[in-house]
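Subject: Structure handover

Hello,

Here is the structure I promised to pass on. Please open it first, then read my notes below.

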Amino acid sequence: MLNPYLLRKELSVVAKKLLKKGFQLDISLVSKMEKERKILQVQTENLQYQHKLLSDLFKKSKILKESNETLKNKISTSIKNLNILKDKLSILKEKIYNFSISIPNIPSEDVPEGTKSDHNKAIKYWGEKKQYNFIVQDHVKIGEKINQIDWKSSVKISGSRFVVMQGNIALLYRALSQFMLDFHTTQHGYIETYVPCLVNHNALYGTGQLPKFSDDLFHISSIDKKKYVLIPTAEVPLTNLFRNEILDEKNLPIMLTACTPCFRSESSSYGRNSKGLIRLHQFDKVELVQIVKPELSMQTLEILTNHAEKILQLLELPYRKVLLCGGEMSFAATKTYDLEVWFPSENRYIEISSCSNMGDFQARRMQTRYRNKLEKNNNFVHTLNGSGLAIGRTLAAILENYQQEDGRVKIPKILRTKYMKNMKFIN
């Protein structure tokens, strides 16, 4: 949620900046609602003042035992008019709020212009792409040849865009999540956190998935009529742990990680990167969340992104770091880096992690602040999140980049001893 001050005092500037995200702010509507709000606010305050004067006169008349029927009638009329104005103001404020939560976050100044992936800016390449002297297979065929990724059974029990894994492929999948959690907690300082996979609507409003992206979520109603939503990412429960909280400055930054199932209907991505493990309705992801003081958030974005990069480097997977253009960024982000891993079967890079600085956008929606000792007031925190990494896509990248001519898949060195029972290959 944007700072209301910006919409009141810098409306045209905000509108111009939001064009970078492809969002056209209705300036005339905002101006009209704000003008109405000011008029109603002044009228309400004036009537409240008049009502107070009448009430004071009534109290004096009672003390002096004077007739006060006329005064009573005036007070009664004043109360009625005041309630009418308060109701009008309340309805208008709700209208302004509902409009304001549909406005995306303002992109940072250094975010590139553009609305398509072609406008993203690649700023770093890491690792060498392997050269193969045989015909490269995609991860779907590799999994089928090894006979440990079963797409037919997943369709039978659930439908398309689900997967069943068995044997050493399933072991490798689990090993990746354990390796990522272990590294982020022991080397990067994150606190491992277990969170619910079902959340209420308030949580999704807090992080910005609602109301705009309702169709991309799986909604559930329980027997007692309570409404829940399956989480699209652990960012939602992790960040909302601090909703309506005033944090102590000495406890910042807060660094949390969790590995959870994630659920997405993918209604807006039909036919896009839908093959195999790339875009499933249910997948697992290790999420990184940081809550920091405002002046440190951009610096923290670089650090958090580096934490995700380190996993790719240790797995020796070639990747690139991309600064997203305005039109490719998420609704709540002010700046985003995507990490894209190399897929030899497609001869291109595919996103495996997205790391974003949300500024105070989510904090305002959640009312999450911290107590500033020097200024002796409460300020909104800045929130950041990133994938560290998506497990399914990481597995797919390993299957493709580590494939052998004889059909086996080599296991990355970092995983062999501690996580993969000293195996060197998956046969």
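Let me start with a sheet. Strands E8, E14 and E15 form an open sheet of three strands, in the order E8-E14-E15 and with mixed pairing. Two strands pair here if DSSP finds at least two bridges between them. Strands (E, at least two residues) and helices (H or I, at least four) are DSSP runs, numbered from the N terminus. Strand E8 (246–248) and strand E15 (377–380) are the edge strands; each has a single partner strand, so one side of each has no neighbour in the sheet. On average, neighbouring strands of this sheet are turned by 40° against each other, direction ignored. For that angle, axes are lines fitted to C-alpha atoms, for helices over the stretch in contact, and angles run from 0 to 180 degrees between N-to-C directions. E14 (residues 369–372) and E15 run antiparallel, joined by four bridges. Arginine 371 stands opposite asparagine 378 in E15.

Some ground rules. This is a predicted model: local features need pLDDT of at least 70, side-chain atom pairs count only at pLDDT 80 or more, and totals for chains, interfaces and linings use all residues. Residues are numbered from 1 along each chain as its sequence is written, and side-chain values use heavy atoms, with hydrogens and water left out.

Next, the cores. A nonpolar core is a set of buried Ala, Val, Leu, Ile, Met, Phe, Trp, Tyr and Cys residues joined through side-chain atoms within 4.5 Å. Buried means under 20% relative accessible area, exposed over 50%, and partly exposed in between (1.4 Å probe, protein chains only). The largest nonpolar core has 56 residues, and Leu176, Leu395 and Leu415 touch the most other members. Helix H7 (residues 167–186) gives the most to this core, 10 residues. Leu176 touches Leu315, Ile391, Thr394, Leu395, Ile398 and Leu415, not counting residues up to four places away in sequence. Contact means heavy atoms within 4.5 Å. Apart from this core lies another, of 20 residues, including Leu2, Leu11, Ala333 and Phe361.

Helix H12 (residues 391–401) is mostly covered, with 11 of its 11 residues buried. Among them are Arg393, Glu400 and Asn401.

Now the rings. Rings of Phe, Tyr and Trp (its six-membered ring) pair if their centres lie within 6.5 Å; planes under 30 degrees apart are stacked, over 60 edge-to-face, and the rest tilted. The structure holds eight aromatic pairs. Phenylalanine 179 and tyrosine 419 form an edge-to-face pair, 6.0 Å centre to centre, with 70° between the planes. Phenylalanine 179 is in helix H7 and tyrosine 419 in helix H13 (residues 413–419), 240 residues apart. Both are buried. Phenylalanine 331 and phenylalanine 361 are also edge-to-face, because their planes are at 75°, with centres 5.6 Å apart. Tyr125, Trp342 and Tyr349 are linked into a cluster by ring pairs.

The cut-offs are NZ of Lys or CZ of Arg within 6 Å of the ring centre and within 35 degrees of the ring normal. The charged end of lysine 130 sits over the ring of tyrosine 402, 4.4 Å from its centre. Arginine 408 lies over the face of phenylalanine 425, at 3.8 Å from the ring centre.

One last residue. Phenylalanine 218 lies in strand E6 (residues 218–221). Its relative accessibility is 27%, so phenylalanine 218 counts as partly exposed.

Best wishes
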